[in-house]
Amino acid sequence: MKKVDNKNLCDGENWLYSPVVKDHFFHPRNLLLDDANYIADGIGVVGSPACGDVMAVWIKVDPKTKQITECKWRTFGCASAIASTSMMSLMATEHGGMTLAKAKRMTPEAIIDRLGGLPDRKYHCSVLGHLAIREAIEDYEKNLIRDVGQET
Amino acid sequence: MKQGMSEYIVREKIMEAPNIATLKVTLADGTIPHFVSGQFVTVYFPDSGTPEGKAYSISSAPHEEMFSITIKAIGEFSNRLCAMHPGDTIAASLPYGYFTNEEGDEKSTLILLAAGIGVAPFRSIVRDTIKKNPAQKISLFYSSKTLADLIFKEEFDALQRKHPNFTVSYFVTREDDLPVGIIHHRMTTNDILKKFTISKNLECMVCGRISFNRDLWRALRSVGVPEDLIATEAFFS
C-alpha cells in the first residue's frame, strides 16, 4: 500500500494563506446553508459559474438606524472566496452593524487587510465580496422604494 | 447575442499613446446608455476562452454624445480592442459599477489617485464633476512609468488653467530628465499632505493595479483617512 504523504492532507497546514484566512475558511462566520425560510431585506448575487466563483449575500437592516443587523452568505468558490465573504459578513455586522452608507464603502483592500493579506491572483475574490454586499444593499433600497410606492 | 450584452459601434478611435487607444462608441441606434461617471462596461469576445468578459472603465462623461473607453494594449482583449477601427462592433454590457462619487458629499474635496491606465475613470469623473458641480475641489494625482504614458495631459493642463478648483500633479517613475512640473518619484501620501490636511471633508478615490491600490490604501489609513472615505477600483487581468 502506498504510504500517505502527510503534506498532501487537506488540513491547511502547508497552505500559503494567513492564519486568519485559514480560520475563516475552516470556521466560516454567518454561513447560510438553507435559505428556504430565511427572510432577508436585501439579496445580492454576484459572479458566474463560468468563472468559478458565485456569491450570494442576504442582509437584514434595522429600518430606524439603517444598520446591517444580519449578513448571511453562501459562496461557491475557492478558499479565498469563502474567507473573503466570511470576513466581509463579519465586518458588516460587528459592533452593532455597519450603516448602509459605510457598508457601501467597504473596499476589497479593507477585506484583504482584515484577512492578513491574499495573493494578488486572488484579489478578485474580495472584489466579489465587496460587490455582493453592494448588490444586497441596492436590492434592499429598491425594495424600500417599491414598498413606499405601494403604500401611497 | 448573449443575454446582458449590447452591441456598440466604434465611431472614432484616438491613439493616446503608442499602445493606448480611446474608442468612442454608441449603441447601434446612435444613442448611449445611461451611466454614472466612474462606471465600466464588460466587453465580450465570444470566440475567446473568457466567457465572463473583461471590464473597461468609461473615460467620457455622461453629458457627452458618445461614450468612450480607454484601453491599454496588454492582453488578448485589450489588443483586439486597440486594433479596432470606426465601424467595428463591440459586444459589451451596459454600464455598471460602484466606483463613483455619486453618493459623496458635494462639498468635500475629491482626491483622485491614479496609476497608469487607472486614470481612465477619473477623466470621466473630472469632466462630469466640473460640469455638474464646478464649485467642488478636485485634485488629481497621476502617476505613470514614462512621460509618453501620461495620457490626457493636455486636457488636464487646460482644465487646470481654466478651473481654479481643479488641480493635477504628475509623477513619472522610470524616466529622468523630466520637464518642470513633473515629479520624479513614486506617489506617496506626503505628496497629498503637502497640499491638504486630512479631514472628514476629504474623499479619496484610488485606481490602479492591485499593488498600487493596496499601498495607497494602507498609506491613507496610516495618516488617518477613515475607511469609508476611501474608494478603490483595481485594474487586474
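Guide: Buried means under 20% relative accessible area, exposed over 50%, and partly exposed in between, with a 1.4 Å probe and protein chains only. This is a predicted model: local features need pLDDT of at least 70, side-chain atom pairs count only at pLDDT 80 or more, and totals for chains, interfaces and linings use all residues. Residues are numbered from 1 along each chain as its sequence is written, chains are lettered from A and ligands numbered from 1 in the order in which they are written, and side-chain values use heavy atoms, with hydrogens and water left out.

Visitor: Why is A:Ser80 called buried?

Guide: The relative accessibility of A:Ser80 is 0%. The cut-off is under 20%. So A:Ser80 counts as buried.

Visitor: Which residues does A:Ser80 touch, leaving out those up to four places away in sequence?

Guide: A:Ser80 touches A:Tyr17, A:Leu118, A:Lys122 and A:Cys125. Contact means heavy atoms within 4.5 Å. A:Ser80 itself is in helix H2 of chain A, residues 79-93.

Visitor: What makes a stretch a helix or a strand?

Guide: Both are DSSP runs, numbered from the N terminus: helices are H or I with at least four residues, strands E with at least two. Chain A has five helices and three strands. Their order along the sequence is α-β-β-β-α-α-α-α.

Visitor: How much of chain A is buried?

Guide: Of its 152 residues, 43% are buried.

Visitor: How many disulfides does the structure hold?

Guide: Zero, over all chains. A:Cys125 is in none; the nearest cysteine sulfur, in A:Cys78, is 3.7 Å away. A disulfide needs two cysteine sulfur atoms within 2.5 Å. A:Cys125 is also buried, at 0% relative accessible area.

Visitor: Is B:Lys132 buried or exposed?

Guide: B:Lys132 has 61% relative accessibility, so this residue counts as exposed. B:Lys132 is in helix H2 of chain B, residues 120-132. B:Lys132 and B:Lys54 are 78 residues apart in sequence, and their C-alpha atoms are 30 Å apart.

Visitor: What area is buried between chain A and chain B?

Guide: About 1800 Å², with 54% from carbon and sulfur atoms. Buried area is the accessible area (1.4 Å probe) that two parts lose on being put together, summed over both. In chain A, A:Arg105, A:Glu109 and A:Tyr123 lose the most area to chain B, together 34% of what that side buries. In contact terms, 20 residues of chain A meet 20 residues of chain B.

Visitor: What makes A:Asp120 and B:Arg214 a salt bridge?

Guide: Their closest N and O atoms are 2.9 Å apart. The rule asks for a side-chain nitrogen of Lys or Arg within 4 Å of a carboxyl oxygen of Asp or Glu. The pair forms a salt bridge. Across the interface of chain A and chain B, the rule finds four salt bridges.

Visitor: Which helices of chain A each supply at least two residues of the side that touches chain B?

Guide: Helix H3 (100-104), helix H4 (108-115) and helix H5 (123-151). H5(A) gives the most, with seven residues.
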